[in-house]
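Subject: Structure handover

Hello,

Here is the structure I promised to pass on. Please open it alongside this note, and my findings follow below.

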Amino acid sequence: MASSFWKALVLVGLLALAHAAFSAAQHRSYMRLTEKENETLPIDIVLQTLLAFIVTCYGIVHIAGEFKDMDASAELKNKTFDTLRNRPSFYLFNHRGRVLSHSPDQASFIPCARALPANPVRLRKLEPLHH
Amino acid sequence: MASVSELYDVTWEEMRDKLRKWRDENYRNSEQIVDVGEELLNEHASKLGDDIWIIYEQVMIAALDCSRDDLAVSCLQELKRQFPGSHRVKRLAGMRLEALERYEDATKLYDSILQDDPTNTAARKRKMAMLKAQGKSPEAIRDLNEYLEQFVGDQEAWHELSELYINEHDYAKAAFCLEELMMTNPHNHLYCEQYAEVKYTQGGLDNLELSRKYFAQALKLNNRNMRALFGFYMSASHIAASPKVSAKVKKDNVRYAAWAASQINRAYQSIIRKCDRL
């Protein structure tokens with residue numbers, strides 16, 4: 001469902017809630033003017049308040065996005081050591097990547113090594129290669 | 001050469017979000033980061049807003065991995081221009097010197113950062129990484145131990161220390177480091193599994209039993225962890241095959257190993273069925 005529908009629903013719910021609150025305040029001042037302090041709030045205002053509250057809650061749940069599981073281990077189920085063993089503060093740079101550079105025309109700062117030709121295989125998905 | 005956005009048909013917002021995902025989850029796919037990041041910085045720099053500085057940092061580190069010194073220097077210059085005198089940018093300059101193997105110059109730079117700010121953990125960690133890069137493992141281990149006495153809660157450092165100990169074959173101390181990690185992250189199945197693997201490597205009946213228990217714990221936390229399932233099978237089989245165990249323990253472990261084998265078979269069958277259906 002388009003999120004604009006749910007946003008509109010939340011807006012309608014909030015407006016109805018505001019309207020009910022305003023009606024209740026007006027009813028209170030009317031009671032005070034006519035000195036009939038013993039009359040309870042009319043049932044339609046109460047119904048409108050409850051209904052508007054339910055509609056707003058329902059709409060907000062749909063806008064809020066994906067719910068996460070309560071289980072603390074659930075979000076780790078998809079993690080693998082590929083990402084967990086990377087410690088950014090301790091990254092080393094003396095690995096094969098220095099020689100396997102993918103631009104053969106750049107001047108290498110290792111005088112004896114020659115940069116290999118560009119990587120011929122291009123994967124068609126924008127995902128990390130080892131996934 | 002076709003640009004990334006043409007090759008994969010993505011918009012610049014998607015590229016920016018991908019970079020954020022890779023940054024948050026510690027992916028080290030440096031070639032892709034360089035391709036995507038370079039295009040984002042060259043073509044869409046004005047639309048990125050304040051995100052651009054952290055993207056410069058991310059692309060610079062990836063460029064060092066791919067030995068793209070030109071890109072690294074240009075990113076560094078942009079960052080220096082925007083944040084002159086920043087320790088974080090100085091650290092990046094030091095990382096570039098490390099990548100060029102100019103370790104003395106990098107050490108001088110990190111020492112100057114530490115003189116200004118003795119509590120700067122990033123510079124200390126880079127110095128330890130340099131010792132590791134130069135192959136001086138015992139000094140790196142000693143420095144890391146001193147660091148951890150001061151900063152006991154630093155999980156990255158505990159994990160790094162466990163890896164250093166594993167490389168030195170000091171499995172008892174590596175197990176201790178992983179125990180610290182497991183205590184602070186009880187729901188992480190990967191630490192349980194790595195601890196179990198270290199215990200399995202140490203060998204001996206007690207360690208094998210412990211490793212089987214921790215493999216089981218890892219499976220309890222994540223029942224799709226194939227490596228833990230294999231580890232459970234291996235440790236149970238080894239205990240059952242050992243001559244020193246009682247008959248009851250042997251029978252139990254044979255049962256565990258049989259269960260693990262059936263689970264492994266089932267997992268492979270479901271993958272084969274899925275592939276056949278494609």
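Where in chain B is B:Arg224 found? Look in the loop between α14 (205–221) and α15 (226–241) of chain B. One caution before going on: this is a predicted model.

B:Arg224 counts as exposed, at 54% relative accessibility. The cut-off for exposed is over 50%, so 54% puts B:Arg224 in that class. Its contacts reach into chain A. Leaving aside residues up to four places away in sequence, B:Arg224 touches A:Lys77 and A:Asn78. B:Ser237 is 13 residues from B:Arg224 in sequence. In space, the C-alpha atoms of B:Arg224 and B:Ser237 are 21 Å apart.

Next, B:Leu19. This residue sits in helix α2 of chain B, which covers residues 12–24. B:Leu19 is buried, with a relative accessible area of 0%. Buried means under 20%, so a value of 0% qualifies. What does B:Leu19 touch, not counting residues up to four places away in sequence? The list is B:Ile33, B:Val36, B:Gly37, B:Leu40, B:Ile55 and B:Gln58. Take B:Gln58 from that list. B:Leu19 and B:Gln58 are 39 residues apart in sequence. Their C-alpha atoms are 8.4 Å apart in space.

Now the cysteines. How many disulfides does a search of the whole structure find? Zero, over all chains. B:Cys177 is one cysteine to look at: it is in no disulfide. The nearest cysteine sulfur belongs to B:Cys192 and is 16 Å away. Is B:Cys177 buried or exposed? B:Cys177 counts as buried, with 1% relative accessibility.

Last, chain A as a whole:

- Secondary structure: three helices and zero strands.
- Order from the N terminus on: α-α-α.
- Burial: 26% of the 131 residues of chain A count as buried.
- Contacts: take those in chain A between residues at least 6 apart in sequence; 49% of them join residues at least 24 apart.
- Surface: the accessible surface of chain A comes to about 9,800 Å². Carbon and sulfur atoms account for 64% of that surface.

Then turn to B:Leu19 in helix α2 of chain B.

Best wishes

Technical notes: Residues are numbered from 1 along each chain as its sequence is written. Chains are lettered from A and ligands numbered from 1 in the order in which they are written. This is a predicted model: local features need pLDDT of at least 70, side-chain atom pairs count only at pLDDT 80 or more; totals for chains, interfaces and linings use all residues. Side-chain values use heavy atoms; hydrogens and water are left out. A disulfide is a pair of cysteine sulfur atoms within 2.5 Å. Buried means under 20% relative accessible area, exposed over 50%, partly exposed in between (1.4 Å probe, protein chains only). Helices (H or I, at least four residues) and strands (E, at least two) are DSSP runs, numbered from the N terminus. Contact means heavy atoms within 4.5 Å. Accessible areas come from the Shrake-Rupley method with a 1.4 Å probe; for residues, only the protein chains shown count as cover.
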